[in-house]
Each structure stands twice: as structure tokens, then as C-alpha cells.
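Student: I would like to learn how to read a fold from its helices and strands, one feature at a time. Could we start with a helix and work outward from there?

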Amino acid sequence: MVTYNSFPFFRDSINLLLEHIADINLEIIVVDNNSSDEKTINHLDYLIKLNQSNIKVVKLINNSGYSTAMNIGVNYASFDTILTFD
């Protein structure tokens, strides 16, 4: 999942995933495209502090655009099958 200053949608999407896929063995990779919105940044930091092995947060230092950010997220994946979620 790629995010950029999209706190309400990003938060709701993550919460939906965590609520409905709790019994599925998967990982959630969130790539932040250098957000400047404080709420988005704080929620990303919250996810990092959860320290759950199935959630990875990648913070980019520059906004690289959607495609590049998605490809970076794919590089962090541990599974062979990847599903994008926006």
C-alpha cells in the first residue's frame, strides 16, 4: 500500500485489513511517499511502534510517485504472492 498525506483513508484501510484478515498469514507493507501531513506521519509511527511482524512501514525521503513506491514495497515483500491495495 502506498500512502501520501492520506491519513483518513490510509487509517481506515489499515484498520479494515487488520480487522478482517486477522487469521490469514500475510504481511502488510506500507510505503510512505514522503508525507508532510502530521496525522499521516503519526499513524505511520504508531504502526511502527506496534512492532508487529506482519506490518512493515517504509518511509521514503522523496516522493517517488506511485509506481516507484509500489515497486519499492514489492522489494520488501517476504511472500511470493503480492496483492496491491489502494
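Student: Which residues of α2 are buried?

Tutor: In this predicted model, a residue counts as buried when its relative accessible area is under 20%, and in α2 that applies to Thr40, His43, Leu44 and Leu47. Viewed down the axis of α2, these buried residues fall within an arc of 100°, so they line one face of the helix. Glu38 and Lys49, on the other side of α2, are exposed.

Student: What covers the buried residues of α2?

Tutor: The cover includes the helix α1 together with the strands β1, β2 and β3. As for α2 itself, its 13 residues reach 18 Å from the first C-alpha to the last, which is close to the 18 Å expected at 1.5 Å a residue. After α2 comes Asn51, whose phi is positive, near 55°.

Student: How should I read the sheet, and what is the order of its strands?

Tutor: As a general idea, strands of a sheet pair through backbone hydrogen bonds, and the pairing is either parallel or antiparallel. Here the sheet is open and has 3 strands in the order β1-β2-β3, with parallel pairing. Because β1 (2-3) and β3 (55-59) stand at the edges with a single partner strand each, one side of each is left without a neighbour in the sheet. Between β2, residues 28-32, and β3 the parallel pairing runs over 5 bridges, and Val30 has Val57 of β3 as its bridge partner. Helix α1, residues 7-20, packs on this sheet and touches β1, β2 and β3, its direction making about 170° with that of β2.

Student: Which residues form the largest nonpolar core?

Tutor: That core consists of 10 residues, namely Met1, Phe10, Ile14, Leu17, Ile21, Ile28, Val30, Leu44, Leu47 and Ile55. At least two of its residues are supplied by each of α1, β2 and α2, and the largest share, 3 residues, comes from α1. Setting aside neighbours within four places in sequence, Ile14 is in contact with Met1, Ile28, Val30 and Leu47. Apart from this core lies another, of 7 residues, among them Val31, Val58, Leu60 and Ala69.

Student: Where is Ser64 placed, and how far in space is Ser64 from Asn34?

Tutor: Ser64 lies in the loop between β3 and α3 (66-75), and the C-alpha atoms of Ser64 and Asn34 are 8.4 Å apart, although 30 residues separate the two in sequence. Ser64 counts as partly exposed because its relative accessibility is 31%, which falls between the limits of under 20% for buried and over 50% for exposed.

How values were computed. Residues numbered from 1 in each chain as written. Predicted model: local features only at pLDDT ≥ 70, side-chain atom pairs only at ≥ 80, totals over all residues. Heavy atoms only, no water. Pairing = 2+ DSSP bridges. Helix = DSSP H or I, 4+ residues; strand = E, 2+ residues; numbered from the N terminus. Contact = heavy atoms within 4.5 Å. Axes fitted to C-alpha atoms, helices over the stretch in contact; angles between N-to-C directions. Core = buried A, V, L, I, M, F, W, Y, C linked by side-chain atoms within 4.5 Å. Buried < 20%, exposed > 50% of the residue type's maximum accessible area, 1.4 Å probe, protein only. Expected span 1.5 Å × (residues − 1). Arc of directions from axis to C-beta.
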